[in-house]
Amino acid sequence: MTAADRTADAVRAELDTVLRYAVAIGALLVLMLPAARGHHGTLGWLPLWLVAMPAVAWWALHRFALPLRRRRAADPVAAGLRRRRRGAVQARRRARGPAGVRAWPRVA
């Protein structure tokens with residue numbers, strides 16, 4: 001591991017801590033202060049900026065990782081026993097009339 005990697009990891013860890021605190025403080029403000037649940041003329045809807053934006057930034061720091069689902073052993077998908085899909089049939093084109101005939105007559 002190079003020095004640049006260690007520095008990037010340290011910055012990422014510090015940013016993780018800051019964003020975690022921002023989400024917690026914003027959530028507490030929204031829950032405890034009725035004014036923080038409202039709308040500001042310049043900023044807009046305050047819970048968006050106090051909770052949602054820091055939470056999305058924190059999620060982006062973790063590269064949008066989704067929580068893992070716990071699968072049961074009896075689940076056929078988890079066991080690798082996936083059901084085979086039946087082959088899709090290719091759509092067929094409609095038969096055309098003579099080359100000079102239009103499918104829809106013109107309306108005058």
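The legends below accompany an overall view and several close-ups of a predicted model.

**Figure 1. Overall fold of the predicted protein, with 2 helices and 2 strands.** Starting at the N terminus, the elements follow the order α-β-β-α. Of the 108 residues in the protein, 10% are buried. The exposed surface comes to about 10600 Å², and carbon and sulfur atoms account for 62% of that area. Taking the contacts between residues at least 6 apart in sequence, 38% link residues at least 24 apart.

Figure 2. Let's zoom in on the side chains here. One of its members, Leu33, sits in the loop that runs between helix 1 (3-32) and strand 1 (39-40). Is Leu33 buried, partly exposed or exposed? Leu33 counts as partly exposed because its relative accessibility is 43%, which falls between the 20% and 50% cut-offs.

**Figure 3. Arginine 63, a residue other than glycine with positive phi.** Here the backbone deserves a look: phi of Arg63 is near 60°. Arg63 belongs to the segment that comes after helix 2 (46-61). With a relative accessible area of 69%, Arg63 is exposed, since the cut-off for that class is over 50%.

**Figure 4. Phenylalanine 64, with a positive phi although it is not a glycine.** For Phe64 the angle is about 55°. Phe64 also lies in the segment after helix 2. Where does Phe64 stand in terms of accessibility? At 47% relative accessibility, Phe64 is classed as partly exposed.

Notes:
Residues numbered from 1 in each chain as written. Predicted model: local features only at pLDDT ≥ 70, side-chain atom pairs only at ≥ 80, totals over all residues. Heavy atoms only, no water. Helix = DSSP H or I, 4+ residues; strand = E, 2+ residues; numbered from the N terminus. Buried < 20%, exposed > 50% of the residue type's maximum accessible area, 1.4 Å probe, protein only. Contact = heavy atoms within 4.5 Å. Areas by Shrake-Rupley, 256 points an atom, 1.4 Å probe, with all protein chains shown as cover.
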